[in-house]
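Look through the sequence and the model below before reading on.

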Amino acid sequence: MDKNWSDMNKEMQALIAKKATFQDGINKLLALRKSLFEQITQIVTSFPEEAFCRMPFAGAEGYHSKTLAYSIWHIFRIEDIVAHEMIAEDQQVLFSRDFRAAIHAPIITTGNELSGDEIAEFSRQLDVKELYRYAQAVMQSTDQILMELKCPDLKRRFGEDMIEKLKRTGCVSSTESAGWLIEYWCGKDVQGLIRMPFSRHWIMHVEAMQRIKNRLCKLERKGVDPVAYCGFSCNHCFLSEWCGSCRTEYNTCSYATVSPDGKCPNAVCCQEKGIDGCYECDLIETCERGFYTPANDGANAARAQAVYINKYGKQAFLKVHDRLQEKYDFTTTQEILGQGWREGLRILEES
Ligand code: SF4
Ligand code: SF4
């Protein structure tokens, strides 16, 4: 489990358990959920629609064997049911705002009853942007419920009436793989529900989503030119574990993720000019776009590498990078080539 999330979760559990620190615990829980939701946002805004129904770990044991779309649906259906049917005892977000039709969801359940191809087929039917809006709405409404909780509420338990009510909603399938959920939730008090599903459940599924998208990026990069538009080498890039290359739709390089349209300005500019990369551009020594923005700490390294490619070609560049890795101990290229682009070029030429 991600150490930061795991530590936040442990701290939150300890804080909410005591009356004196209860509110700090709720604040910690909200911060944890915000951090986890940022990961979901990043995935939704930077990956193509088709990524959400792919199953790169199909057949494996664990949450990562699902799809990205299923993971989002499952996290927030469970949360919606538990937060509104059990804790607030009001209407679920799915129904109060007619999200079901907008998402094109063929089911209203948690999805636990689906397996293998059913999950992929289900995922293909969902409108991911609407699904994300639903997830956002559920998170906000649950956060509101959590902020209104008082310490004694944590001990509230649920009886047979709640079990029957949940069954009547039809939101949990009665199949063997799903039916246990109702008894499971009703066996907990509110404090137990904060753990599952409002915190730990999120962590496990968001981590699974990270594994899925990293794997998709790796699959996408196979056979693709490893030289990025800006002049970096994807083969030697510390981001390559979770970036699918700026030459694919799975680009999650830093400038792509901070650009409103999710596209790296250098990649866009090269495509508009019809050139292979910035290393073919007459403006390479002075350009201040995207990676070459003066405030970017990778600007000098990117420019040094692009100028090197311009002079010696891509094959020589990839080879010099291999030698650089043998000669120096570094994570980011800018640690070696970042002092100034001419100095960076010199280092590349002498390596
Ligand atoms: S961040 Fe840039 S260099 Fe690194 S893998 Fe992504 S596209 Fe390639
Ligand atoms: S103008 Fe800048 S971003 Fe555009 S191709 Fe030339 S070097 Fe690259």
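Predicted model: local features only at pLDDT ≥ 70, side-chain atom pairs only at ≥ 80, totals over all residues.

Is the crossing of helix 14 and helix 17 left-handed or right-handed? Helix 14 covers residues 299-312 and helix 17 covers residues 341-350. Their axes come within 8 Å of each other and cross at roughly 50 degrees. An angle under 35 degrees would count as roughly parallel, and one from 65 to 115 as roughly perpendicular; helix 14 and helix 17 are therefore oblique to each other. The crossing is right-handed. On the side of helix 14, the residues that meet helix 17 are Asn300, Ala301, Arg303, Ala304, Gln305, Val307 and Tyr308. Helix 17 contributes Trp341, Gly344, Leu345 and Leu348. Sorted by class, this contact has seven nonpolar residues, three polar ones and one charged one.

Now consider the protein as a whole. The domain assignment divides the protein into domain 1, residues 3-221, and domain 2, residues 254-350. The centres of the two domains, taken over C-alpha atoms, are 41 Å apart.

Next come two pairings that share helix 2. Helix 1 spans residues 3-16, and helix 2 spans residues 22-46. The axes of helix 1 and helix 2 come within 7 Å and cross at roughly 155 degrees. That angle makes helix 1 roughly antiparallel to helix 2, since angles over 145 degrees count as such. The crossing of these two helices is left-handed. From helix 1, the contact uses Trp5, Met8, Asn9, Glu11, Met12, Leu15 and Ile16. From helix 2 it uses Phe22, Asp24, Gly25, Ile26, Lys28, Leu29, Ala31, Leu32, Ser35 and Leu36. The residues of this contact comprise 11 nonpolar, three polar and three charged.

Helix 2 also packs with helix 11, residues 200-221, at an angle of about 25 degrees, and the two axes are 10 Å apart. Helix 2 and helix 11 are therefore roughly parallel to each other. Here too, helix 2 passes its partner, helix 11, in a left-handed crossing. Arg33, Leu36, Gln39, Ile40 and Ile43 of helix 2 meet Trp202, Ile203, Val206, Met209, Gln210 and Lys213 of helix 11. This contact is made up of seven nonpolar, two polar and two charged residues.

Which residues surround ligand 1? They are Ala228, Phe232, Cys234, Cys237, Leu239, Ser240, Cys243, Ser245, Cys246, Asn251 and Cys253. This shell has eight nonpolar residues, three polar ones and no charged ones. Around ligand 2 are Asn266, Cys269, Cys270, Lys273, Cys278, Cys281, Leu283, Ile284, Cys287, Arg289 and Gly290. The shell of ligand 2 divides into seven nonpolar, two polar and two charged residues.

Two details of the backbone remain. Where is proline 197 found? Proline 197 sits in the loop between helix 10, residues 190-195, and helix 11. The peptide bond that joins methionine 196 to proline 197 is cis, with omega at about 25 degrees. The other detail concerns aspartate 98, in the loop between helix 4 (93-96) and helix 5 (99-103). Aspartate 98 is not a glycine, yet its phi is positive, at about 50 degrees.

Technical notes. Residues numbered from 1 in each chain as written. Chains lettered and ligands numbered in written order. Domains from an automatic or database assignment. Near = placed C-beta within 6 Å. Nonpolar A, V, L, I, M, F, W, Y, C, P; charged D, E, K, R; others polar. Axes fitted to C-alpha atoms, helices over the stretch in contact; angles between N-to-C directions. Helix = DSSP H or I, 4+ residues; strand = E, 2+ residues; numbered from the N terminus. Left-handed = near helix turned anticlockwise from the far one by under 90°. Contact = placed C-beta atoms within 7 Å.
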